[in-house]
Amino acid sequence: MMSEAYAMGTNPIGGGQGGSQYMSIVMLVAIVGIFYFLMIRPQQKRAKEHKNFLESLKKGDKVITSGGLYGTITGITDDAITIEIAEKVRVKVEKGTVATLQRT
């Protein structure tokens, strides 16, 4: 008889069904917020910085591609650049593959 009484009682920690649903929504919003500020926002910031970097490239810049090619820019179009990697050796690569400027 006593076990049935305990089973029918309310949960003092959760405050009933309404409270646990409210806490679930709060936790979901908190997880989405944390995910946004720790993953999505920094990635968007890096993408914006890389886009600005690519737009600032000009002839004569010494660059390194993501494939590991070191060279000097000899030509630029909207979506590709020509890099001279050795004397009279030029390769055309996609503009987005430029990773960084070469330190001299």
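Mentor: Let us begin with contact, which means heavy atoms within 4.5 Å. In this predicted model, Ile81 is in contact with Ile73, Gly75, Ile76, Val91, Lys92, Val93, Lys95 and Val98, once its neighbours within four places in sequence are left aside.

Trainee: Which residues make up the largest nonpolar core?

Mentor: In soluble globular proteins, nonpolar side chains tend to be buried together. Here the largest nonpolar core has 9 residues, namely Phe53, Leu54, Leu57, Val63, Ile73, Ile81, Ile83, Val93 and Val98. Helix H2 and strand E3 (80-86) each supply at least two residues of this core.

Trainee: How many bridges join strand E1 to strand E2, and how many join E2 to E3?

Mentor: Strands E1 (residues 62-65) and E2 (residues 70-76) run antiparallel and are joined by 3 bridges, and within this pairing Lys62 has Thr72 in E2 as its bridge partner. The two strands form a hairpin with 4 residues between them, and Gly68 in the turn has a positive phi of about 100°. E2 and E3, also antiparallel, are joined by 4 bridges, with Ile73 standing opposite Ile83 in E3, and this hairpin has 3 residues between its strands.

Trainee: Which residues make the nonpolar surface patch?

Mentor: Ile34, Phe35, Tyr36, Phe37, Leu38, Met39 and Ile40 make a nonpolar surface patch of about 720 Å². One of these residues, Phe35, lies in helix H2 (residues 17-55). Phe35 counts as partly exposed because its relative accessible area is 44%, which falls between the cut-offs of 20% for buried and 50% for exposed.

Technical notes:
Residues are numbered from 1 along each chain as its sequence is written. This is a predicted model: local features need pLDDT of at least 70, side-chain atom pairs count only at pLDDT 80 or more; totals for chains, interfaces and linings use all residues. Side-chain values use heavy atoms; hydrogens and water are left out. Patches are made of residues with over 30% relative accessible area and no salt bridge: like charges are joined within 9 Å, nonpolar side chains (Val, Leu, Ile, Met, Phe, Trp, Tyr) within 5 Å. Accessible areas come from the Shrake-Rupley method with a 1.4 Å probe; for residues, only the protein chains shown count as cover. A salt bridge is a side-chain nitrogen of Lys or Arg within 4 Å of a carboxyl oxygen of Asp or Glu. Buried means under 20% relative accessible area, exposed over 50%, partly exposed in between (1.4 Å probe, protein chains only). A nonpolar core is a set of buried Ala, Val, Leu, Ile, Met, Phe, Trp, Tyr and Cys residues joined through side-chain atoms within 4.5 Å. Two strands pair if DSSP finds at least two bridges between them.
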